[in-house]
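The sequence and the model come first.

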Amino acid sequence: MALKIDIDNHFMQIALQLAQQAENNGEVPVGAVVVQNGMIIGRGYNCSITAKDPTAHAEVMAMRDAGNNLANYRLLDCSLYVTLEPCVMCVGAIFHARIKRLVYAATDPKTGACGSVIDLPSEARLNHHMQVTGGVMATEASMLLKNFFAQRRKVVE
């Protein structure tokens, strides 16, 4: 069990570094990596504002990168690590990609679709199911988000 926690922390730390890149670009600081056989095959961070694309969430960007690297839209036997609980759109994309395992850091009480607002991964009527682990490095991810939004509020005041 300790090995899995160490591995999860390792990949979440990389996702947090990507979240910092998003923040450096003026985006909401969320980062994600797709991992297959212990190797990162996809990286992404939020870029909806700069790309002018409402679908450019960290998860989607990481899965696009992984799909390009594998030359396949199915990301079988892959894990997705993301610093914030995915929204409905992202969970839908995760389902379509056939991600095997989702690991997220902070919960999202406003749009979280893995238990906070709605729990799509546990919906038995859907045709794909994945293992979900939440709370990995949640404190670090939450602080990054809280500090980002506190700074944004100061600018507005």
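The text below takes up these topics in turn.

This is a predicted model, in which local features need pLDDT of at least 70, side-chain atom pairs count only at pLDDT 80 or more, and totals for chains, interfaces and linings use all residues. Residues are numbered from 1 along each chain as its sequence is written, and side-chain values use heavy atoms, with hydrogens and water left out.

**Salt bridges**

The structure holds 4 salt bridges, a salt bridge being a side-chain nitrogen of Lys or Arg within 4 Å of a carboxyl oxygen of Asp or Glu. The table lists pairs from among them.

| Arg101 | Asp8 | 2.8 Å |

Helices (H or I, at least four residues) and strands (E, at least two) are DSSP runs, numbered from the N terminus. Buried means under 20% relative accessible area, exposed over 50%, and partly exposed in between, with a 1.4 Å probe and protein chains only.

Arg101 forms a salt bridge with Asp8. This pair links distant parts of the chain, 93 residues apart: Arg101 belongs to strand β4 (residues 101–106) and Asp8 to helix α1 (residues 2–24). Arg101 is buried at a relative accessible area of 8%, and Asp8 is buried at 5%.

Arg64 sits in helix α3 (residues 58–70) and Asp53 in the loop between α2 (48–51) and α3, so the pair ties together parts 11 residues apart in sequence. Arg64 is partly exposed, with 38% relative accessibility; Asp53 is partly exposed as well, with 22%.

Lys100 is found in the loop between α4 (88–97) and β4, and Asp77 in the loop between α3 and β3 (78–84), so parts 23 residues apart in sequence are tied together. Both Lys100 and Asp77 are exposed.

**Positive phi angles**

Asp77 also has a positive phi of about 55°, although it is not a glycine. Its relative accessible area is 53%, which makes Asp77 exposed. Lys52, not a glycine either, has a positive phi of about 55°. Lys52 is placed in the loop between α2 and α3 and is exposed at 73% relative accessibility.

**Helix α3**

How far apart are the end C-alpha atoms of α3? They are 18 Å apart, which agrees with the 18 Å that its 13 residues should span at 1.5 Å a residue; the expected span of a helix is 1.5 Å times one less than its number of residues. The buried residues of α3 are Ala58, Glu59, Val60, Ala62, Met63, Ala66 and Gly67. An α-helix has 3.6 residues a turn, so residues three or four places apart point the same way. The buried residues of α3 pack against β1 (31–36), β2 (39–45), β3 and α4, where contact means heavy atoms within 4.5 Å.

**A nonpolar surface patch**

Val88, Val117 and Ile118 form a nonpolar patch on the surface, with about 250 Å² of accessible area together. Patches are made of residues with over 30% relative accessible area and no salt bridge; like charges are joined within 9 Å and nonpolar side chains (Val, Leu, Ile, Met, Phe, Trp, Tyr) within 5 Å. Accessible areas come from the Shrake-Rupley method with a 1.4 Å probe, and for residues only the protein chains shown count as cover. Ile118 lies in the loop between β4 and β5 (131–134) and is partly exposed, at 40% relative accessibility.
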